[in-house]
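Look at the fold below. Then follow how its parts come together.

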Amino acid sequence: MNPNPRESHAGPVLLYDGACGLCNRAVRFLLGIDRRGILRFSALQGGPGQAWLRAHGLPAGDFESMVFVREWGAGPGAGREAYALRTDALVAALEACGGAGRVLAWIRYVPRPWRDGAYRLVARLRYRLFGEWRARPLPRPEWADRFIPTPPS
């Protein structure tokens, strides 16, 4: 496990809709199965997420797609292979978690148009089905170090 993820700018990061109830539940699930503490997180709406999206030419206002960043410290010249979107992002995050995550990543065998179609449908309905996220304490306080902090203004 990385001794202090806040000090490291390397490794995989999952950008997610920080206001979405489903997305936050997914993040907590990934925190629970990532026993090695490899994966870090940042809300798409937050400063670090917004800066990353802009630097890589992705829409900074589209919160319907999770983004898996393979190497957070890589610069914008890394190209399209530097990140994955939608269900490819979910598969990559599950694989990064290892263990049970690799087993759950079986969805990679479902054709991408089918899984991304289902993803888009759930993305449109997620606030109706799961509501807006209300901040609450993490089940394990040490998980807080796995989130990329927004620098003070």
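Among contacts between residues at least 6 apart in sequence, 68% join residues at least 24 apart. A contact means heavy atoms within 4.5 Å. This is a predicted model, where local features need pLDDT of at least 70, side-chain atom pairs count only at pLDDT 80 or more, and totals for chains, interfaces and linings use all residues. Residues are numbered from 1 along each chain as its sequence is written, and side-chain values use heavy atoms, with hydrogens and water left out.

pLDDT is the predictor's confidence in each residue, from 0 to 100. The chain averages 86. Over residues 1-7 it stays under 50.

The chain has five helices and four strands. These are DSSP runs: helices (H or I) of at least four residues, strands (E) of at least two, numbered from the N terminus.

Of the 153 residues, 43% are buried, meaning under 20% relative accessible area (1.4 Å probe, protein chains only). A nonpolar core joins buried Ala, Val, Leu, Ile, Met, Phe, Trp, Tyr and Cys residues through side-chain atoms within 4.5 Å. Two such cores are listed here.

| Core | Size | Members include |
|---|---|---|
| Largest core | 26 residues | Leu14, Leu30, Leu39, Phe41, Phe68 |
| Another core | 13 residues | Val13, Leu15, Val67, Ile148 |

The most come from α3, with seven. Leu30 touches Leu14, Leu39, Phe41, Ala93, Leu94 and Cys97, not counting residues up to four places away in sequence.

Notes:
Buried < 20%, exposed > 50% of the residue type's maximum accessible area, 1.4 Å probe, protein only.
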